[in-house]
There are 2 protein chains.
Amino acid sequence: MATKANHKLDNLSSDILSFIKTYRTEKQISPSYSEIAKEVGIKTNSHVQYCLKKLRNLGLVDWQKGIPRSLRLCKVLDELINIPVMGKIAASKPIPMPTSDFAYYDSESTVAVASSGLPMTNNDLFALEVQGDSMIDAMVNDGDIVIIKPCDAVENGTMAAIWLTENDETTLKFFHREENRIRLQPANKEMEPIYIENPQQVQVKGRVVKVIRNYFN
Amino acid sequence: MATKANHKLDNLSSDILSFIKTYRTEKQISPSYSEIAKEVGIKTNSHVQYCLKKLRNLGLVDWQKGIPRSLRLCKVLDELINIPVMGKIAASKPIPMPTSDFAYYDSESTVAVASSGLPMTNNDLFALEVQGDSMIDAMVNDGDIVIIKPCDAVENGTMAAIWLTENDETTLKFFHREENRIRLQPANKEMEPIYIENPQQVQVKGRVVKVIRNYFN
DNA sequence: GACGAATCAGCACATTTGTTCTATAATAAT
DNA sequence: ATTATTATAGAACAAATGTGCTGATTCGTC
């Protein structure tokens, strides 16, 4: 989540690094040595390479020998991950899980999320759009996007996507396994929990790792 | 938010496009014409360029004449934007607004958000971390990140960051200007709205454009 | 002050790469 | 059937770029 400032790089190295960064975000390609030289006030390409080799030793940049503009920033803090929106989650409907073959690129729509905003970057994450107000007690509103990590079981206290076989209902709640029953706790502490005496009726489908709500008008 | 599939590209163009995409995500640089040729089964660079020119006419790719590996994917749906987290928002505290000089890069922490997940990409957006449970009625929980577009006034019905001068309190609510009063509507329809008879007591600080909630355990 | 390491400039050179022009096959249009 | 258009290959060429080497300068350390 947080992006800290650089440690103790000399000004030149720091300049080069940030120039590469801005150049890449602007033009989507890496600068040539000459361009770096011009920008940071170095006279020769060879010296640029000298500086770059220092940065490479620090593990900050890398490139492919002989290939023009192959400069690459390591330590990529923020990379985008496209998560497929599998469908909508609503009470009274089963959760549309992703099929085993990951035909993600064919997905109708995706949510782009910064990898820094995710606990893991496995490619089995998927997203659901919440439909209806039935999950308000979990602080999830109509239209929200929930990002889910599929799993069969979760630790106590985690927000999970749960299938209630008896009620034929899908819901998002905090999961608590107690001695002889399962407690589904709403996020809002003032609301009463749901107790399910027969654990068979509760099927954990996945763990909620993120909720996104947009107000675009 | 949604990324639609390609329209009616011939297989070759489609192959080239997706190769560029995967190549770039893997190596962070663009392929050369020869590499494209080898990948998609074309014999010559000139033909690659021929295909690329078609793609350029469709506005899908572009490059800089004479510059190696300057191939660029247009229609960049997803670019990362780093939004500074200015601090925490809590009832009983004023909202920490960004200073006029945008010393954003010095910010302690930032949230990375995909530009496709934002209604606008101006650089005056900022984020706040919600502290406390006092905004539950707006479906905003302790620890949530709200992204705010600064403004002095909002249309009726928009979720806004509001400073209540009388109560010396900061809050997130749906803003409604009525005939002689202002109505602050909680997100949860079952909760009662707040009415403020004196509009002077209500100061709109900004519009909430996004709410992000993480469950990292 | 001496000495070595780090820092910088200059230049020649090889390679990678894109560009352009021409020619030929395939396909569509008339 | 003929023509125009699109698709493909080939090769020559020029430009962009990285690499390596040599030598000069600065800087810190003893």
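Visitor: How many bridges join strand 11 of chain A to strand 11 of chain B?
Guide: This is a predicted model, in which local features need pLDDT of at least 70, side-chain atom pairs count only at pLDDT 80 or more, and totals for chains, interfaces and linings use all residues. Residues are numbered from 1 along each chain as its sequence is written, and chains are lettered from A and ligands numbered from 1 in the order in which they are written. Strands are DSSP runs of E, at least two residues, and helices are runs of H or I, at least four, numbered from the N terminus; two strands pair if DSSP finds at least two bridges between them. Strand 11 of chain A covers residues 202-214, runs antiparallel to strand 11 of chain B, and the bridges joining them number five.

Visitor: Which residue of chain B stands opposite I212(A)?
Guide: Look in strand 11 of chain B. The residue facing I212(A) there is I212(B).

Visitor: Which strand gives the largest share of the side of chain B that touches chain A?
Guide: Contact means C-beta atoms, placed from the backbone, within 7 Å. Chain B brings 40 residues and chain A brings 38 residues. On chain B, strands 3, 4, 7 and 11 each supply at least two. The largest share, seven residues, comes from strand 11 of chain B.

Visitor: Which residues of helix 1 of chain A are buried?
Guide: Buried means 20 or more other C-beta atoms within 10 Å of a residue's own, exposed 12 or fewer, partly exposed in between, with C-beta atoms placed from the backbone. On the other side of this helix, N11(A), T22(A), T25(A) and E26(A) are exposed. The buried ones are I16(A), L17(A) and I20(A).

Conventions:
Two residues are in contact if their C-beta atoms, placed from the backbone, lie within 7 Å.
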